[in-house]
Amino acid sequence: GSPAARAREAEFYRVASRDPVLAGFLPQYFGVEEDPFTGEAFVVLENILAGLAEPAVMDLKMGTRTYGDDADPQKVARAIAKAQKYTSAKFGVFVVAARVPSSAAEAPPGPLVELGHKFGKEVTGEDGLRAALQQFLRTHALRQAAVAFVAELLRWFETQAQFAFYGSSLLLAYDAALPASEATLRVKMIDFAHVQPLPQPTAVGETSAPAPRDESYLTGLRWLLGCLVSPW
């Protein structure tokens with residue numbers, strides 16, 4: 001990303017690290033360090049995949065809108081077209097990239113197969129999204145862990161009026177080298193280069209406007225939770 005985007009992400013982590021609830025949804029933040037050769041600042045974070053012998057991983061871009069206010073008109077047009085072509089505009093969830101087990105939960109996971117936009121294997125339509133999530137969350141325990149995280153994050157988003165998370169993702173991971181019954185799901189929010197303050201309403205007369213919400217991200221969380229708790 002650009003220096004401006006990196007600076008925005010660093011500032012977001014700095015602010016978020018002081019909010020214990022929000023910080024719990026993020027990789028652990030260790031501060032900002034400077035590259036000794038270029039002088040550029042970079043954020044030092046927990047490696048979510050640390051210790052996983054064979055990481056099964058899924059990057060879900062969340063939200064119906066994926067661009068910030070600083071995007072130029074061409075980038076906005078491309079982002080809107082992409083959101084409408086795939087699953088972001090309708091469901092607020094888009095598979096950026098995933099490595100998922102190729103076999104059913106009862107069997108050993110088999111070789112991991114690649115899915116998602118980055119691998120040129122687009123996940124399209126609601127049925128495609130459901131199938132990808134089923135293939136990834138291959139046991140009841142993995143699915144329940146995802147439900148718990150998404151439900152808790154949804155509760156936070158339903159009241160937070162500070163940030164709009166454009167272009168941010170949920171990263172889900174577990175160790176596919178372990179027996180299915182032993183795999184533990186890790187989930188964190190990532191990618192905050194386009195996070196910006198939610199516009200604050202101005203009161204008109206005696207009537208105060210409702211508090212702002214990040215409806216873009218909320219759309220994705222509501223669909224995702226609905227999918228996870230529905231029968232598979």
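Colleague: Is the crossing of α6 and α7 left-handed or right-handed?

Modeller: The crossing of α6 and α7 is left-handed (near helix turned anticlockwise from the far one by less than a right angle; clockwise is right-handed). This is a predicted model, in which local features need pLDDT of at least 70 and side-chain atom pairs pLDDT 80 or more, while totals for chains, interfaces and linings use all residues. Residues are numbered from 1 along each chain as its sequence is written, and side-chain values use heavy atoms, without hydrogens and water.

Colleague: At what angle do the axes of α6 and α7 cross?

Modeller: Helix α6 (residues 140-157) and helix α7 (residues 215-229) cross at roughly 150 degrees, their axes coming within 9 Å. α6 is therefore roughly antiparallel to α7 (over 145 degrees; under 35 is roughly parallel, 65 to 115 roughly perpendicular, the rest oblique). Axes are lines fitted to C-alpha atoms, for helices over the stretch in contact, with angles from 0 to 180 degrees between N-to-C directions. Helices (H or I, at least four residues) and strands (E, at least two) are DSSP runs, numbered from the N terminus.

Colleague: Which residues of α6 and α7 make the contact?

Modeller: Among them are Arg143, Val147, Val150, Leu154 and Phe157 of α6, with Tyr217, Leu221, Arg222, Leu225 and Val229 of α7; contact means heavy atoms within 4.5 Å. By class, the contact of α6 with α7 has 14 nonpolar, no polar and two charged residues (nonpolar: Ala, Val, Leu, Ile, Met, Phe, Trp, Tyr, Cys, Pro; charged: Asp, Glu, Lys, Arg; polar: the others, Gly among them).

Colleague: And α5 with α7, how do they cross?

Modeller: At roughly 60 degrees, with the axes of α5 and α7 within 11 Å. α5 and α7 are therefore oblique to each other, and α5 passes α7 in a right-handed crossing. Glu126, Leu129, Arg130 and Leu133 in α5 meet Trp223, Leu224 and Cys227 in α7. That contact has five nonpolar, no polar and two charged residues.

Colleague: Sheet next. What is the strand order in the open sheet of five strands?

Modeller: The order is β5-β4-β3-β7-β8, with antiparallel pairing; two strands pair if DSSP finds at least two bridges between them. β5 (112-115) and β8 (186-190) are the edge strands, each pairing on one side only. Neighbouring strands of this sheet are turned by 15 degrees against each other on average, direction ignored.

Colleague: Which helix touches β3, β4, β5 and β7?

Modeller: Helix α5 (residues 125-136) packs on the sheet there, and its direction makes about 35 degrees with that of β4 (93-101). α7 also packs on the sheet, touching β3, β4, β7 and β8, at about 135 degrees to the direction of β3.

Colleague: How many bridges join β7 to β8?

Modeller: Five bridges, with strand β7 (residues 169-175) running antiparallel to β8. Ala173 stands opposite Arg186 in β8.

Colleague: What about β1 and β2, in which sense do they pair?

Modeller: β1 (residues 29-34) and β2 (residues 41-45) pair in the antiparallel sense over four bridges. Val32 stands opposite Val43 in β2. Six residues lie between the strands of this hairpin, where Gly39 takes a positive phi near 80 degrees.

Colleague: Which residue forms a salt bridge with Glu40?

Modeller: Arg6, with the closest N and O atoms 2.6 Å apart. Glu40 lies in the loop between β1 and β2 and Arg6 in helix α1 (residues 3-16), so the pair, 34 residues apart, links distant parts of the chain. The count comes to seven salt bridges (a side-chain nitrogen of Lys or Arg within 4 Å of a carboxyl oxygen of Asp or Glu).
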